[in-house]
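Look through the sequence and the structure below before reading on. The report then goes through selected parts, one heading at a time.

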Amino acid sequence: MKIRRIQDTLIRAFAGLIVMALLLLGTLSYYYLHKILIQNAEATTMQLVSQLNRIIENYIHYMDDIALMAVTNDDVRTFIANPRADTPRLRSAIESTFESLRAVRRDIDSVFVITRDGRAIAATTGGALNPTVDLRKRFAELDAGAVPDRPSVSSAHVENLVDYRYPWVISLVRTLPAGPSGQSLGLIQVDLNYDIIAGLCKDIQLGKSGYVFILNRTGEIVYHPRQQLIYGNLKSEKIADILAQGGGNLKTSVDGREILYTAVSSRETGWEVVAVSYLDELFRASREAEYVFLMLSLLVLVGAVAAAMLISSNISRPIESLRRSMQAVESGNFDIDITVNARNEVYQLARDCDIAVKKVRDLIEQNRLEQELKRKLELRSLQAQINPHFLYNTLDSIIWMIELGEADRAIDMTSSLARFFRIGISRGEETISVRTEIEYVQTYLEIQKQRYKDKLSYEIAFSPDLHDLQILKLIIQPLVENAIYHGIKNLEGPGLIRITGEKDGESMVIRISDNGVGMSPDQLAALRDGLIEPRPSNGVGVRNVQERIHIYFGLQYGVSFESSPGAGTVATIRIPVIAGSPT
Amino acid sequence: MINRSVLLLLAAAVAVAVALTVVYRGARLLSAAPGAQKKVVVIFKTIDYASNPFWANVRDGVVSAGQDFGIAISIRGPALETDVQDQISIVDAAIQGNPDAMVLAAADYNLLVPAAKEAKRRGIPLVFIDSFISSDDGDVRIGTDSYEGGQKCAAALLRYVKPGDLVAIMSYVKGSSTAIDRESGVRDALDGKVKILETLYSNADADMAYSQAARLIARTPDLRGIVALNDPTARGAARALEESGKARSIALIGFDNSLLVLHYVERGIIRDTVVQKPFNMGYLGVEAARDLIEHRKLARFINTGSIDISVANMFQPENQKMLFPVSEGP
């Protein structure tokens, strides 16, 4: 399994999360920013264009007012209706009327009166009427395009009614009401200086290179800042699309650039005022924002990686230090304090580890002490066997037998003593077979019997299935010794020691009973205490047996006594059954 | 504690940041930030716009293109179209200014060659408009196909004269490339159909053209046609023809379109005039300069075209805008 460091995992997770969040955020804000920019542009442009349209309509209204005034003027009506009344006086009266109007309004280039029969009056800058213009023909053309009682507005055009003057104008024509013949006899043409419209349109700034143009009802260009380019096919506008849409916003692309058309049509003039905005210019502000966002994103990303490194190092450093401590423990060094510089679960973990290691250390120490104790106890039990009094007494007895010439008994006793010690020292093993232990006790009792003669007799009754089991060595003899010295020795009359052994479930129960003097409750209590507390008065052997059983098998096993004065004593040894493995 | 992958991640983040910054800044520089605005010098044959409405129209095109493409335009030129030396020194001075590109209407077919070579040596993109030079030092030539323009003049004239009639050609500056080409266009188209007198040169001066034409009309009673190859020459010839009272018998074909020429056309003194598209010339000249600055491939020659204008079509909407400049009165 590939081990991945916490730090890497965290950094990957942080960076991934941040990148995903930023991507999402970036895409969303880009989308909404563009949407808002377009909406704003549409709204502002629409406002501008509508305003421009109203201004243009105002001009047209004004021109129409003049035309209306002229149509209702008596002098004009006379001039048109009656060729014979066409006198220089009448002409100059009409001219001065128009001139006074032109004087206050510089935007009105000219006012013309043209009659069906080819007469005309021009209130204009400069000279005479253009002799090359056929006025009858001109009247016929204008009359054909006019609607009775309504003004008709032309596209921008060059007006050549005046000799050697070619001004760009927008013309408004009103015909006089029809005469008796059913035909209109004359018309009024008011020319608006085209510069006015061009100037209004030019003044409108739409971004860096946006502009405004105007179409008439049929899609001819009334004004366009790049009209020459359009006629020269160097530039195009999607005029058909704009007319088809009939006002409003239209997003499209022209000559490879994304543009936004915003069109408003005028009911008065039939014109369509169209604004052109370039989307790339619109989004220039958004590019600025995108840049800032990008830089911030990278900053956040770098920050996130740094934070991930810091956090992960805060997490992994104590873990790393804990790991090193545990490695030391693995290699056998339990003498360390496991502490980490952290205030979290790792600290608790380290503390638990510390406790565990200390417990292990204590157990090891306890184990070592127990081993030591066992060796000591064994040594002591050995010492107990070599009880000097027992040895002196036995040797005294042997001497006596020899002096009395009882050589055979002396030989028996000496060989019993020898066998007794041979088993006692027996190869330093902890356990021996029950059979050997019995033999050992028997040897001991035989020796004692030599001393006590008929005063001591014994019986040993072990169930046969016990003989091949193992037993902790030298645990019966000290109790037998105890029975002899404290029970039988002071008894008047013969004493009997009975040793039985039987299985009780998983336990082996060995009873050493005597018919000796017994013990008072105080004595019994003192003996029981002596099993726990060392006490010099008490047999070293008995306590040694108890301790050894406890160490080997636990406190549920051990030696217990029952006794009452005059009724003898029963010592019971309870130890677990150990299957025979006589090595 | 910082392992290699983390270092790599950080390095990558920094590299990406740097790269994006560079790209972004670069894009901003390219998108015509004010500091990076390209400078193009435009040198006309003359900047006396009042007597040369043709150049006023070229100027409008140049200025429009400058606005459309975000290019800083500087227009220069001699006061007199014939002052070739002045134009040469203007070109030399402009080269010293180290513009991003130069647009030039050569006042002389041969004398501007050294100046063009110098511009080329300095690595300045060079666009010729209207009039070119004898060497191929310019990168692009934009203008009326003058030979074709001359042929159109001849075709117009042939509608008014009979085969074998006597006609005259009045040219303007001897040695000017456009004059040479227009004349050969006329001559080739008239060859074998009419008799042609020796070419006259007005030096692009209306007064000189007037006296030359007056003399020509007076001395050549059977003259039936005159082709005047530029605007001042046409104006001078028209004045002489009108004064002579022979406008009905002599067909005058002009070139270019000052208001005066158009007024003569309206009155029938000048029958036809072949007009160029000076606005387009100026606009396309600057566009070509922009393309050269941005290392785009361009055709060696761009024909802006010419149109035969007579009283019949001069007020048609598509021609009005070309012929009559907005707010340009007499």
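The sections below cover the model itself, chain A overall, its strands and helices, and some parts of chain B.

## The model and its numbering

This is a predicted model, in which local features need pLDDT of at least 70, side-chain atom pairs count only at pLDDT 80 or more, and totals for chains, interfaces and linings use all residues. Residues are numbered from 1 along each chain as its sequence is written, while chains are lettered from A and ligands numbered from 1 in the order in which they are written.

## Chain A overall

Chain A has 16 helices and 17 strands. Helices (H or I, at least four residues) and strands (E, at least two) are DSSP runs, numbered from the N terminus.

Of the 583 residues in chain A, 33% are buried. A residue is buried if 20 or more other C-beta atoms lie within 10 Å of its own, exposed if 12 or fewer, and partly exposed in between, with C-beta atoms placed from the backbone. Among contacts in chain A between residues at least 6 apart in sequence, 66% join residues at least 24 apart. Two residues are in contact if their C-beta atoms, placed from the backbone, lie within 7 Å.

## A buried strand in chain A

Strand β5 (residues 186-193) of chain A is mostly covered, with 8 of its 8 residues buried. Gly186(A), Ile188(A), Val190(A) and Leu192(A) point one way from β5(A), and Leu187(A), Gln189(A), Asp191(A) and Asn193(A) point the other way.

Two strands pair if DSSP finds at least two bridges between them. Strand β1 (residues 108-115) of chain A runs antiparallel to β5(A) and is joined to it by 7 bridges. Here Val111(A) stands opposite Val190(A). Strand β4 (residues 168-175) of chain A also pairs with β5(A) in the antiparallel sense, over 7 bridges, and Thr175(A) stands opposite Leu187(A).

## Helix α1 and its partners

Helix α1 (residues 6-72) of chain A and helix α9 (residues 284-330) of chain A have axes that come within 9 Å and cross at roughly 160°. Axes are lines fitted to C-alpha atoms, for helices over the stretch in contact, and angles run from 0 to 180 degrees between N-to-C directions. α1(A) and α9(A) are therefore roughly antiparallel to each other. Angles under 35 degrees count as roughly parallel, over 145 as roughly antiparallel, 65 to 115 as roughly perpendicular and the rest as oblique. The contact of α1(A) with α9(A) has 23 nonpolar, 9 polar and 1 charged residues. Ala, Val, Leu, Ile, Met, Phe, Trp, Tyr, Cys and Pro count as nonpolar, Asp, Glu, Lys and Arg as charged, and the others, Gly among them, as polar.

The axes of α1(A) and helix α5 (residues 194-203) of chain A come within 11 Å and cross at roughly 170°. That makes α1(A) roughly antiparallel to α5(A). On α1(A) the contact uses Leu52(A), Ile55(A), Ile56(A) and Tyr59(A), and on α5(A) it uses Ile196(A), Ile197(A), Leu200(A) and Cys201(A). By class, the contact of α1(A) with α5(A) has 8 nonpolar, no polar and no charged residues.

## An open sheet in chain A

Five strands of chain A form an open sheet in the order β12-β14-β15-β17-β16, with mixed pairing. β12 (456-462) and β16 (558-563) of chain A each have a single partner strand, so one side of each is left without a neighbour in the sheet. Neighbouring strands of this sheet are turned by 15° against each other on average, direction ignored.

β12(A) pairs with strand β14 (residues 495-504) of chain A in the parallel sense over 7 bridges. Phe462(A) has Gly501(A) in β14(A) as its bridge partner. Helix α13 (residues 434-452) of chain A packs on the sheet and touches β12 and β14 of chain A, its direction making about 170° with that of β12(A).

## Parts of chain B

In chain B, the axes of helix α3 (residues 84-96) and helix α4 (residues 113-121) come within 9 Å and cross at roughly 10°. α3(B) and α4(B) are therefore roughly parallel to each other. Their contact has 5 nonpolar, no polar and 2 charged residues.

Most residues other than glycine have a negative phi. Asn203(B) has a positive phi of about 60° although it is not a glycine, and is partly exposed, with 17 other C-beta atoms within 10 Å. His295(B) also has a positive phi of about 60°. His295(B) lies in the loop between α10 (278-293) and β12 (301-303) of chain B and counts as exposed, with 7 C-beta neighbours inside 10 Å.
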